[in-house]
There are 2 protein chains.
Amino acid sequence: VGVTPAAEAERYFHERIPLTRAMGVRVAGYEERGFIVEAPVALNYNHLQTAFGGSINAVATLAGYGLLWLELRGEADFVVAESTIRFRQPVCETIRAICAKPGKAELETFKAALRENGRARISVTVTVEEHGQVAAEFTGAFVAYRR
Amino acid sequence: VGVTPAAEAERYFHERIPLTRAMGVRVAGYEERGFIVEAPVALNYNHLQTAFGGSINAVATLAGYGLLWLELRGEADFVVAESTIRFRQPVCETIRAICAKPGKAELETFKAALRENGRARISVTVTVEEHGQVAAEFTGAFVAYRR
């Protein structure tokens, strides 16, 4: 019986990005709809007692980064190159960010570019939701460097 | 002898947005060139031992938010509505985000809209730098609601 990819990613976050512990970040799963990262508002609130925008952005960034790490670890290191986030409504209890898995063709193109050039770029889309409502929409571009 | 605006803003962050304490956020000043927020990479590193992109974004968001809070507290509450960040180079020791003060005319237009509509939107530009080099560029749109 092995450790699940979700548990591996959570341990990786907690070890390598220690702020994720202070934020109470957990990886909730890696399912058909995407890679899911959560953090409680209790550790991430702002002056209005809702989730701090900086925390929402950080959780969304981790959702994108974690998905790519699971898909490509061993092959590449990543950094986030740019991101845009739109906040739609406040988050009151749990920040829940879901990064959609890129399509198979897109991942293959990306891997081929990485093999050929030693470097490649990929964009991901992350939705932050609460009680089934969209709270924020995030897009991030990550650059990978072959190891 | 009173407390400086920079010290007031730092206390406000630490009290109202507790993650800023875990991040080691400090307000370094409010000068001609802008409102300056810093955080040490030692509390905000990633898997490469450089600053985590989520932390850089959070410090930049605080620089924008803090400047608006100092300029308009008493008149309005703010939330960040959207933001975009481009990462140019890694930050190795200190995340230092400088929010440029909006022009006088822009602030007046914003305040007039707030008085008239009870709600107004303003954009700010934040530069993250280290050793005089630009490490990231951030633009954020904030929405204010009259109290």
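The legends below accompany close-up views of a predicted model.

**View 1. Helix H1 of chain B and its buried face.** Helix H1 of chain B, which runs over residues 5–16, has 12 residues and reaches 16 Å from its first C-alpha to its last, close to the 16 Å expected at 1.5 Å a residue. Within H1(B), the residues B:Ala6, B:Ala9, B:Tyr12 and B:Phe13 are buried. Seen down the axis of H1(B), these buried residues fall within an arc of 125°, so they line one face of the helix. That buried set packs against helix H2 (19–22), strand E1 (26–31), strand E2 (34–40) and H3 of chain B, while the exposed residues B:Arg11 and B:Glu15 are carried on the face of H1(B) turned away from its buried side.

**View 2. The largest nonpolar core and the surroundings of A:Val128.** The largest nonpolar core has 98 residues, and among those with the most contacts inside it are A:Val128, B:Phe13 and B:Ile56. With neighbours within four places in sequence left aside, the residues in contact with A:Val128 include A:Ile56, A:Ala60, A:Val91 and A:Ile95.

**View 3. The contact between chain A and chain B.** The contact takes 33 residues from chain B and 33 residues from chain A, and the area buried between the two chains is about 2700 Å², of which carbon and sulfur atoms give 64%. B:Leu19, B:His47 and B:Phe52 supply 25% of the area that chain B buries against chain A, more than any other three residues. Two salt bridges are counted between chain B and chain A; in a salt bridge that joins A:Arg86 to B:Glu82, the N to O distance is 3.5 Å.

**View 4. B:Ser55 in helix H3 of chain B.** B:Ser55 is found in helix H3 (residues 53–72) of chain B and is buried, with a relative accessible area of 0%. Apart from neighbours within four places in sequence, B:Ser55 is in contact with A:Leu19 as well as with B:Met23, B:Asn44 and B:Ile95.

**View 5. Salt bridges within chain A.** A:Glu8 forms a salt bridge with A:Arg73, the closest N and O atoms being 2.8 Å apart. Because A:Glu8 lies in helix H1 of chain A and A:Arg73 in the loop between helix H3 and strand E3, the pair ties together parts that are 65 residues apart in sequence. A:Arg33 and A:Glu129 also meet through their side chains in a salt bridge (3.3 Å, N to O); A:Arg33 is partly exposed at 44% relative accessibility, whereas A:Glu129 counts as buried at 13%. A:Arg33 and A:Glu129 are linked with A:Arg26, A:Glu38 and A:Arg96 in a network of salt bridges.

Note on methods: Residues numbered from 1 in each chain as written. Chains lettered and ligands numbered in written order. Predicted model: local features only at pLDDT ≥ 70, side-chain atom pairs only at ≥ 80, totals over all residues. Heavy atoms only, no water. Helix = DSSP H or I, 4+ residues; strand = E, 2+ residues; numbered from the N terminus. Buried < 20%, exposed > 50% of the residue type's maximum accessible area, 1.4 Å probe, protein only. Contact = heavy atoms within 4.5 Å. Expected span 1.5 Å × (residues − 1). Arc of directions from axis to C-beta. Core = buried A, V, L, I, M, F, W, Y, C linked by side-chain atoms within 4.5 Å. Buried area = accessible area lost by both parts, 1.4 Å probe. Salt bridge = Lys/Arg side-chain N within 4 Å of Asp/Glu carboxyl O.
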